[in-house]
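Q: I have a new structure to go through. Can we take it one topic at a time?

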Amino acid sequence: HTYGQLAQTGCALHVFTYYDDVDWMDELLKLPVQSIGLDFVHGTGNLAHILNRGFPKDKTLIAGLVDGRNIWRTNIAAAARTLKQLAAKAPRIAVSNAGPLYHLPITTAVEKFDPALLAHLAFAEERLHELRLIADAYDGKAVEAWWTPLDVGANMAVRERVKKLVDAEFTRAPSYPARRTAQRKALPLPVFPTTTIGSFPQSPELRKMRADYRAGRVTADAYKTFIRQKIADVIKLQEDLGLDVLVHGEFERTDMMEFFAQQLDGMATTSNGWIISYGTRVYRPAIVYGDVARPRPMSVAEISYAQSLTTRPVKGILTGPVTVLAWSFVREDVPIEDVACQLALCLRAELEDYERAGIKIVQVDEPAFRERAPVKRRGWPAYFAWAIKAFRLTCASMKPETQVHSHMCYSEFGEIIEHIAAMDFDAISIEASRSKGDILESFERIKFDRQIGLGVWDIHSPAVPTVDEMRGIVDRALKLIPRGNFWINPDCGLKTRGWDESIAALKNLVALAKALR
C-alpha cells in the first residue's frame, strides 16, 4: 500500500536491499518501482531465486556484486560471469555495490601496507573502480589484472594446532560450584565487591604522548616510563576511592581491539581506516589476513606492574575472540570458526601468562557477542556454536582459583541468554542502566547461578548519578539475584569520560556498596 501511494507521485522509485537474502522475493518483485537492488555477495539465495524464477521485464535489476562489508578484492572474472547469468533473466541490468560503502575505509591509497597484502585489498574508492572493471569485463573488454587468491600470512603450525584441538580443551574443570569454593579462599572479597570494567579517561596529554611515540619523537623508554606513571596514579586513585578489585587503566591501549591486533601475527592495522562505530564515534577495524599467532606476551608487563603496586587484586583484561572478529575485516578463505580458534589460542596463552604473573582475576570482554550474530535467525545455531566454543577455548585452561569474568554491553541480551550462560565464566558484568535492569528477567528465566555485576550508571552520559539513582537498579536486582553473587560496577567505557565526573561517580558507587553492606 505504501509503495502504491509513493508510485502516484510520478517519481522513479529504486529499492535497494542488502546484507542477506530477501525471504519475500515474490512480493518484492511486484512492487510498483523502476528498479530493485539485490545483494548477490551475501545473498546466495537471491541469486538462486533469480536464476530459477526470473526477474520482471519491466524493471531494472541492480546487481550487487562488490562487497560493501569486507575489504578483499572482487574476483572480476567471476563477477562478470554472474552478471551475464543474471542478464539472461533480467534484460535491464546494472551493476553496483552489494551494500553501503560506509562500512569501509575510504581508500587504500593513504595506507602503508606491505605490497603483498595491498594487492588483495579494496576499500570504498577501490570498490568503485571494481564496478568499472566488472562492466568492462561483461562487455568483453580487456581489464587489468586485479584479483588473486589470498596468499599471505600462512602459518602451518597454527593450522595444525587448531586441527588437533580436542573436546577437553573447550571445557574448564572443575565445574563452577567447585571453582566458586576455590575462588572464595583465594579472593577474600567483601559482599557487594566494587570494580570498574577496565579503562579510565584518556586525556589529551596521553593521546599526544602516544602520537609522539608512534612518530618517533619520544623514545620507547620515555613512553614506557610515562605509561607506568599513569598506571601508578590510577592504582593509587582506586585505592583511595575504596574500590575492591582494581584495573590498570588501559593507558597503553588505543582501543580494546586495535592494541591486540598490532601485536598478533596474521593481523594488520590501518593508519587512516576510520569507519563509524555509533553516533559520531569512529574506530579503525583491524584486518585478519593470515593465520593468527602470538609471537610474544601482549599486555602482561602492564598488568603485572599494576599488581605489584597493590595488595588488592588487579584484573587482567583482554578483548575476546568473537569481538575481535566482529570489529575486524576477516579473511574469507578459511572457515570463521577456525579463525576464532586461532585467536582464542593466542588469548589463552596470554591468560596463562597472567596467571604465572600472579593475577587472580581475568576478564575477557565480549561486547560484540550478540552484534556478530547473523541477521537471519536461522543462522544463529551455527554462529553461537562456534562463538561459545571460541570463548570457552580462551578460558578453559585457567586454574579453579582464577576467577574468569566477561563483559557485555548494549544489546538485546535477553534474546541470547541461554547462549551467554553456556560460555561458562565465573562472573559477568553487563549493561543495565539504560534498560533500568530489564535484563534481570532473562537471567531469572534460566536460574542464573554465576556472579553478576549490572552497570549501575550509564557512562555514555556526563551526568553523575546519585547513590539513590544507582540503588534503584540494585534493589530491583536483589529481588532475583542472591546478595553474595552481586557486584557493583559501572557500564563500560570510562575512557570516554572526564576525570572529574568519573571520580565523582565512583565515589557514589563505593558509597552505595558500603550502604548495602
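Q: How many positive and negative side chains does the protein chain have, and how far apart do the centres of the two sets lie?
A: This is a predicted model. The protein chain has 65 positive side chains and 63 negative ones, and the centres of the two sets lie 2 Å apart.

Q: Ok, secondary structure next. How many helices and strands?
A: The protein chain has 19 helices and 15 strands. Its radius of gyration is 25 Å, close to the 24 Å that the globule rule gives for 517 residues, so the chain is as compact as a globular protein of that length.

Q: What box do the C-alpha atoms fill?
A: Roughly 75 × 55 × 45 Å, taken along the principal axes.

Q: And what share of the residues counts as buried?
A: 54% of the 517 residues. As for the surface, the protein chain exposes about 22600 Å², and carbon and sulfur atoms supply 54% of that area.

Q: What about contacts between residues at least 6 apart in sequence: what share joins residues at least 24 apart?
A: In the protein chain, 75% of those contacts do.

Q: Are Cys-346 and Cys-409 buried or exposed?
A: Cys-346 counts as buried at 4% relative accessibility. Cys-409 also counts as buried, at 10%.

Q: Now the backbone. Which residues does a cis peptide bond join?
A: Ala-173 and Pro-174, with omega at about -5°. Pro-174 is in the loop between helix H7 (156-163) and helix H8 (176-186).

Q: What is phi at Asp-424?
A: Positive, about 65°, although Asp-424 is not a glycine. Asp-424 sits in the loop between helix H16 (417-421) and strand S13 (427-430).

Q: Is Asp-424 buried or exposed?
A: Buried, with a relative accessible area of 14%.

Q: Then Lys-447: where does it lie?
A: In the loop between helix H17 (440-445) and strand S14 (451-455). Lys-447 has a positive phi near 55° and is a residue other than glycine.

Q: Is Lys-447 buried or exposed?
A: Lys-447 counts as exposed, at 68% relative accessibility.

Terms used. Residues numbered from 1 in each chain as written. Predicted model: local features only at pLDDT ≥ 70, side-chain atom pairs only at ≥ 80, totals over all residues. Heavy atoms only, no water. Buried < 20%, exposed > 50% of the residue type's maximum accessible area, 1.4 Å probe, protein only. Helix = DSSP H or I, 4+ residues; strand = E, 2+ residues; numbered from the N terminus. Rg over C-alpha atoms; globule rule 2.2 N^0.38 Å. Contact = heavy atoms within 4.5 Å. Areas by Shrake-Rupley, 256 points an atom, 1.4 Å probe, with all protein chains shown as cover. Lys, Arg positive; Asp, Glu negative; His and termini not counted. Charge placed at Lys NZ, Arg CZ, Asp CG, Glu CD.
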